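The stops below are given in the order in which to select them.

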Amino acid sequence: MPGTRDEAGGSQPASRTPARRVSVDPQGPVLVEGPVEVVLDDGTVARSDRFAVALCTCRRSRTYPWCDTSHRRRERSAPPTEERKP
């Protein structure tokens, strides 16, 4: 990207803008330090003023583009068995 510097070298911008921290979890959402604006496929903008947001990458979220943990695998546990003694 012009005007930026990566670890391999390059040019520095004239005024340095604080970088946003992004954390990628292969099994879950992308965590971004906020506030953030997300431009969606249809051109609409979703905004969050929270200090950090989780962005959905699986598109299962009912609150897309925000993650609602729908990516988590659901495991049904067997109902507890009761032992009856006569």
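Start by selecting serine 23, which stands opposite leucine 31 of strand 4. The model is a predicted one. Strand 3 and strand 4 run antiparallel and are joined by three bridges.

The order 3-4-7 describes an open sheet of three strands, paired antiparallel. From one strand to the next, the twist averages 20°.

Next, show side chains for Val30, Val32, Val36, Val38, Val53 and Leu55, the six residues of the largest nonpolar core. At least two residues of this core come from each of strand 4 (30-33), strand 5 (36-39) and strand 7 (52-55). In soluble globular proteins, nonpolar side chains tend to be buried together.

Beyond its neighbours within four places in sequence, valine 36 contacts Ala46, Arg47, Ser48, Val53 and Trp66.

From there, move to serine 48, in strand 6 (residues 45-48). Is serine 48 buried or exposed? Its relative accessibility is 10%, so serine 48 counts as buried, the cut-off being under 20%. With neighbours within four places in sequence left aside, serine 48 is in contact with Pro35, Val36, Val53 and Trp66. Finally, display the backbone of arginine 50: the serine 48 side chain reaches the backbone nitrogen of arginine 50 at 3.3 Å.

Note on methods. Residues numbered from 1 in each chain as written. Predicted model: local features only at pLDDT ≥ 70, side-chain atom pairs only at ≥ 80, totals over all residues. Heavy atoms only, no water. Core = buried A, V, L, I, M, F, W, Y, C linked by side-chain atoms within 4.5 Å. Buried < 20%, exposed > 50% of the residue type's maximum accessible area, 1.4 Å probe, protein only. Helix = DSSP H or I, 4+ residues; strand = E, 2+ residues; numbered from the N terminus. Contact = heavy atoms within 4.5 Å. Pairing = 2+ DSSP bridges. Axes fitted to C-alpha atoms, helices over the stretch in contact; angles between N-to-C directions. Polar contact = N/O pair within 3.5 Å; in protein donor to acceptor, adjacent residues only side chain to side chain.
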